[in-house]
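Subject: Structure for your review

Dear colleague,

Please find below the structure that I am handing over to you. My findings follow directly after it.

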Amino acid sequence: RRRGQRPDAAMRHRLPALPAALAILLGGLLALSGPAGASSRAQTYVVRPGDTLWAIGARLGVPANTLARANGISDPERLVPGQVLRVPAGPASRRPPSSGTRPAAASRGPALVVAVHRVRWGDTLLAIARRYRVPVEWIVRANGLWSDRIHPGQRLAIPTRRGVEVLARRHGPPPRPIPVPPAAFARSAAAGTAAWDLVQRARRYLGVPYRWGGESPAGMDCSGLVHRVFAPYLSGVGRLTSYDYFRLGRPVRPEAILPGDVVFFTTDEPGPSHVGIFIGAGLFIHASSAAGEVTVTSLDDPLYRERFLGVRRLVDLSARN
């Protein structure tokens, strides 16, 4: 690598956002400023912070698996505040609450947000803050933003004074670089396994031109490549950013890295501003603006080794072998 070369602009992922689950969460945060819990219609329930499918089922007298089937929920761990669940009609679901249980709708607390703003083209954090007459810092902290970059379609909670602290507790500071695990250089995908299939799928895009914001064979950026490769495995999950994938994926101990896991790096912005797919033998495939295309790079490359943030697992490929 030539001396003085700037960090990979492909990592210059100017779209820090929230993970799919958190993006939906913020979309539903407006519900926190109104009545929570059971909706005005008897056949629906609005998810509150801290709710689980099992707790909701116990509260309403409906088995959790029945609620899951009725709402097409494949992962009961990923309920988000504001999500509206359909409650199947049945004798148990029509029982009145016990004398020691207050109806959920009556448990309204102080408002946490004044609005949920959907970012439009041309929006800036400063302009949004001025529109709602709140400090920029409130919006940054309440939404766990790791930089001042926002993108169209992103939903931002506009917090009340009290809401800033409450919402900020849900987010952590930007992750710090960690050592690249030696295990990464010993792991490889065996032919015929699900991990092998995914790696081969990723390799199909080698040489595709780098294009910021792209996600097609005509051109793609780092998160566009991840979206393209994992689309068949993540039904219903649209195009996300590297920040989204970092929060969406299940954290994996670096020593447990496997082919098909996604690897993250911090570059010219705090947090996981660049993402690639680990393909084994210490290598990862990614869309690189420095290379101008989708390419394979070693995790031992000094540029990436010093900026490695860790591993996330979007799909458990071992269960598919």
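V46 belongs to strand β2, which covers residues 44-46. In this predicted model, V46 has a relative accessible area of 13%, and it counts as buried because that value is under the 20% cut-off. Its C-alpha lies 5.6 Å from that of Q83, although 37 residues separate V46 and Q83 in sequence.

As to the chain as a whole, it has 321 residues, of which 49% are buried. Its secondary structure comprises ten helices and 13 strands. Of the contacts with a separation of 6 or more, 66% are between residues 24 or more positions apart.

Strand β4 (residues 113-118) and β5 run antiparallel and are joined by five bridges. Within this pair, V113 stands opposite P159 of β5. Strand β5 spans residues 155-159, and four of its five residues are buried, so the strand is largely enclosed by the rest of the structure. Helix α6 (residues 161-168) has buried residues at G163, V164, V166, L167 and A168. The elements that cover these buried residues of α6 include β4, β5 and α5 (136-142).

The sheet comes next. It is open and built from six strands in the order β8-β13-β9-β10-β11-β12, with antiparallel pairing. At its edges are β8 (250-252) and β12 (293-298), each of which pairs on one side only. On average, neighbouring strands of the sheet are turned by 40° against each other, direction ignored. Helix α7 (residues 194-203) packs on this sheet and touches β10, β11 and β12, with its direction at about 125° to that of β10. Helix α8 (residues 222-230) lies across β9 (262-265), β10, β11 and β12, and runs at about 50° to β10.

Within the sheet, strands β10 (residues 274-280) and β11 (residues 283-288) run antiparallel and are joined by three bridges. G280 stands opposite L283 in β11. The loop between β10 and β11 holds A281. A281 is a residue other than glycine, yet its phi is positive, near 60°. With a relative accessibility of 45%, A281 counts as partly exposed.

A positive phi is also found at R133, about 60°, although R133 is not a glycine. R133 is placed in the loop between α4 (125-132) and α5. R133 is exposed, its relative accessible area being 78%.

Helix α8 deserves a separate paragraph. Eight of its nine residues are buried, so α8 is largely enclosed by the rest of the structure. The buried residues of α8 are C222, S223, G224, L225, V226, H227, V229 and F230. F230 touches L198, G260, V262, I277, L314 and V315, when residues up to four places away in sequence are not counted.

Finally, which residues line the largest cavity? They are V226, H227, F230, A231, L234, V237, G238 and Y245. Helix α8 supplies the largest share of this lining, namely three residues. The volume of the largest cavity is about 40 Å³, and the structure holds one cavity of 30 Å³ or more.

In short, α8 is largely enclosed, lies across four strands of the sheet, namely β9, β10, β11 and β12, and contributes the largest share of the lining of the largest cavity.

Yours sincerely

Terms used:
Residues numbered from 1 in each chain as written. Predicted model: local features only at pLDDT ≥ 70, side-chain atom pairs only at ≥ 80, totals over all residues. Heavy atoms only, no water. Buried < 20%, exposed > 50% of the residue type's maximum accessible area, 1.4 Å probe, protein only. Helix = DSSP H or I, 4+ residues; strand = E, 2+ residues; numbered from the N terminus. Pairing = 2+ DSSP bridges. Contact = heavy atoms within 4.5 Å. Axes fitted to C-alpha atoms, helices over the stretch in contact; angles between N-to-C directions. 1 Å grid on protein atoms, 1.4 Å probe; cavity = no way out; pocket = protein on both sides within 12 Å on 5 of 7 lines; lining within 4 Å. Points joined across faces, edges and corners; volume = space filled by probe spheres on them.
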